[in-house]
Structures are given as structure tokens and as C-alpha cells.
Amino acid sequence: MNHSRTDIIVGMFVLIGAICLGYLAIRLGKVELFGATGYVVYADFSSIAGLKIGDPTEIAGVRVGKVESLGLADDRARIVLRIDPQIKLQEDVIASVRARGLIGDKFVLITPGGSDKIIPPGGKIRETESPQDITDLIGKFIGGDLTSKKEEK
Amino acid sequence: MVSFLGRIGRFAIDQIAGMGRMFLFLVSAILLAFRRPAKLRLIVYHIKTIGVDSLSVVALSGFFTGMVMGFQGYYSLRKFNAESWLGSATALGLLRELGPVLSAFMVTGRTGSAMAAELGTMRATEQIDALYSMAINPIKYLVSPRIIAGLIAMPLLTAIFNVIGIFGSYVVGVGMLSVSSGSFFSGMENSVVFHDVYSGITKSVCFGLIITWICCYKGFHASPMATGVSQATTESVVLSFVLILVWDYFLTSIML
């Protein structure tokens, strides 16, 4: 079957456009083409202020997964992490919400534990550490212990 | 006094009737697009005129838009020592606003005006009436393929505009100024989410519809004279620009 010049030119155009669209959607928009890989674990925090869906999860600065969803469970913030399949999390790992720099993007840092037991897919990270609120810290710094005492009441 | 009121009323009725005609024109063009036989060959041809022929001008304007954003973004961000955010600033600006709107402007100027002039000339030289007399529905034959081609070509052009714009900003920010390549791309990848890409592409699909719809309508209903054709071309470009900007505002407020 022979195609006209127009067909071939349009085909090239559509291909280039689709490649650009694919780059934008997959590389920048982080669309998973073949379904999500990896397994999920839960973690409850008293506050996850500033964390967004899609923020990275890191161990020792290496990206091992991302935040899949945020929600509430019994007045605590529950986040669902999607962890790469080859990463094994020990039962006593500590998950903490950290910021890059003073006001930078938030991410979830997982500090490895020493236990022999591995958290199964769908399991829960028990030890969590909520982020330090920068305005809170400044308040404590300026007002001495006053603010923290007030909070404890 | 009564004649004054009458004139206002006449004006309002004419305007509303005109809007109704435009809307019915669009509805019939879309309905006829689904009726067999599908004019695949015509759609491909119009993707060529809308998409391929506008590619060079869209690429060029995208590249320079990106380079300007690189300079301006660097200049503004340097005041806060936040040059590393250049990548995300450029990518978000391009994906959400500038890419869809500017490439739609380019296509309007490049193809929309030609479309209006072509259909207007066909109207003036009675070719549209000839189609009627041959029992070919001119809306199905002339308008529907253009609208479908516009819906397909505009998002692709916008995606190309975005990628080339990001590259232009990279050339300026990383190549000429002192932003590091790593922070440019990682900032971009961290701050752009799928919703940004999605809202930009949705906008561009809407703009593709607006351009082909307005330009075909104005050309199709041009008064059959040389001045009628020129007037239809002018009106189609101006109205497309205005509608693109207004609709952009509404889409932004809905999807933000």
C-alpha cells in the first residue's frame, strides 16, 4: 500500500507530538504506564504539614519510593508510601517527614532499623517522627520555654 | 425615545441570534463528523495544514519564549537566591499557561486566518453553493474535518511547544547563566505534577476547537464579496484571540 507524501509528513508530525506529550506526561507528570510497581506501607503521623502526593521517600538520601496518598485515621495523618519492590523495610524503621533546607520541599526519610522481621506489603511503619514546624521552633527560640509549656497543657 | 429603545433591542436580538447561529453551526459540524462516510483523507490533509505547516513557527516561538523565560526567571529568582527554581518556574509557566495560549495564537495567525479566507473565497465564488447543488453537505465536507484536525493537532503542537520551550530555557539558564543542570531538571521534575500537564493539554484541545470553529464559521458565512472575505478573516482572528484568552481564564479558574 503506497501512502501519499501528506500521509508520511502527518505521520511524522503525530509521532513527534506524541513523543513530546509522552515526555511531558511520563517524565514530568510521573504517569505510570504499566501500573504502579512496588508495594505499599502505611505510616501515621501527628502532622505531615507540607507533604504532597508524589513527594519522594528516601533512605540515606537515595530515592526508594514516593508518597501515594494522604488521609486521616483517628485524628492522625495517615500516609501511604509506595516502596520499590527490591527495598526491604525492617520492622523497626523510623519514618520521618523532613524538609530539604529550611523551607524546601518535604520528603519522607526512612531510617533503617536493626530488626530481622520485614514489614510485609500493606504493613505499617510504627515508629514515626513528625516534622518540626519552623514557626514553632522560632517561637520557642524567641519565647524561651513559654510556648512549649503552653502547648503541653 | 421609542426608536432608540427599538435600536437597542434590535442590536441585542441580532447579537444573541448570531451566537445561536454559531452554536448551531458547531453542533451540526460535530454531529456530521460522526456520520459515515468518515472523511479520513480530509482529516489527515487538515492535520497537515493545521499541525505540520505551523510546526516551524510554533517551534521557533516556543524556543524564544523559553529563552525569554530563562532570562526573566533567572533575573527575578536571583533576588531570592533561588536560581535553582528556574527549571520548575519555566516548566510550570509553559505547561499551564504559555504553551497552550501562545501556540494557539500562532495557529490562529498561521492557519485560522487562512482557513477563514479559504472558506470565504469559496463562499464568494459560489463553490459552497455548488457543493449544495451536488447534494454534498458543505459543513460535513469542509468544516467537520477541520474541527477534528484542530482537536488532534493542537495538543500535539502544544506539547512540542512545551518541550522546545523547556529546552530554550535550559539553553539560557544552564548554558549562558549559572544554573546547574541537575537542579534545573530535578526542580522541574519535583514540582510538576500530572495535573499541570493535564490542564495544559485540556486547554489546548479547547483552543483547537475554538480556532477551527470560529474561523470556519466566519469564513463560511462571509458576505460574498472581496471585502467580505477580508472582513471575515479579520473578525475570525480577533474573535479567536479574544475567545482563547477569555476561555483560558475560565479553564484556569475551574481547574486550578
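**Close-up views of a predicted two-chain model**

View 1. Strands β2 (residues 56-59) and β3 (residues 62-73) of chain A pair in the antiparallel sense over four bridges. Strands count as paired if DSSP finds at least two bridges between them. Helices (H or I, at least four residues) and strands (E, at least two) are DSSP runs, numbered from the N terminus. T57(A) has G65(A) as its bridge partner in β3(A). Two residues lie between the strands of this hairpin, where A60(A) takes a positive phi near 55°. This is a predicted model, in which local features need pLDDT of at least 70 and side-chain atom pairs count only at pLDDT 80 or more, while totals for chains, interfaces and linings use all residues. Residues are numbered from 1 along each chain as its sequence is written, and chains are lettered from A and ligands numbered from 1 in the order in which they are written.

**View 2. The β3-β4 hairpin of chain A.** β3(A) is joined by eight bridges to strand β4 (residues 76-83) of chain A, and the two run antiparallel. K66(A) is bridged to R82(A) in β4(A). This hairpin has two residues between its strands, and D74(A) takes a positive phi near 50°.

**View 3. Strand β5 of chain A and its two partners.** Strand β6 (residues 106-111) of chain A pairs with β5(A) in the antiparallel sense over six bridges. Three bridges join β5 (residues 94-99) of chain A to β8(A), and these strands run parallel. S96(A) has a bridge partner in each of them: L109(A) in β6(A) and E129(A) in β8(A). I94(A) is bridged to E127(A) of β8(A).

**View 4. The whole sheet of chain A.** Eight strands of chain A make an open sheet with mixed pairing, in the order β7-β1-β4-β3-β2-β6-β5-β8. β7 (124-125) and β8 (127-129) of chain A stand at the edges with a single partner strand each, so one side of each has no neighbour in the sheet. Along the sequence, chain A follows the pattern α-β-β-β-β-β-β-β-β-α-α. Of its 153 residues, 20% count as buried (20 or more other C-beta atoms within 10 Å of the residue's own, with C-beta atoms placed from the backbone).

**View 5. The contact between chains A and B.** In this interface, 21 residues of chain A are in contact with 23 residues of chain B (C-beta atoms, placed from the backbone, within 7 Å). The chain A side divides into 13 nonpolar, four polar and four charged residues. Ala, Val, Leu, Ile, Met, Phe, Trp, Tyr, Cys and Pro count as nonpolar, Asp, Glu, Lys and Arg as charged, and the others, Gly among them, as polar.

**View 6. Helix α6 of chain B.** The buried residues of α6 (residues 181-191) of chain B are F184(B), G187(B), M188(B) and N190(B). They pack against α1 (5-28) of chain A, and against α3 (86-124) and α5 (138-176) of chain B.

**View 7. Helices α7 and α8 of chain B.** α7 (residues 194-220) and α8 (residues 226-255) of chain B pack at an angle of about 155°, their axes 9 Å apart. Axes are lines fitted to C-alpha atoms over the stretch in contact, and angles run from 0 to 180 degrees between N-to-C directions. α7(B) is therefore roughly antiparallel to α8(B) (an angle over 145 degrees). Residues in the contact include F207(B) and I211(B) of α7(B), and L243(B) and W247(B) of α8(B). The contact residues divide into 13 nonpolar, five polar and four charged.

Notes. Angles under 35 degrees count as roughly parallel, over 145 as roughly antiparallel, 65 to 115 as roughly perpendicular and the rest as oblique. Two residues are in contact if their C-beta atoms, placed from the backbone, lie within 7 Å. A residue is buried if 20 or more other C-beta atoms lie within 10 Å of its own, exposed if 12 or fewer, and partly exposed in between; C-beta atoms are placed from the backbone.
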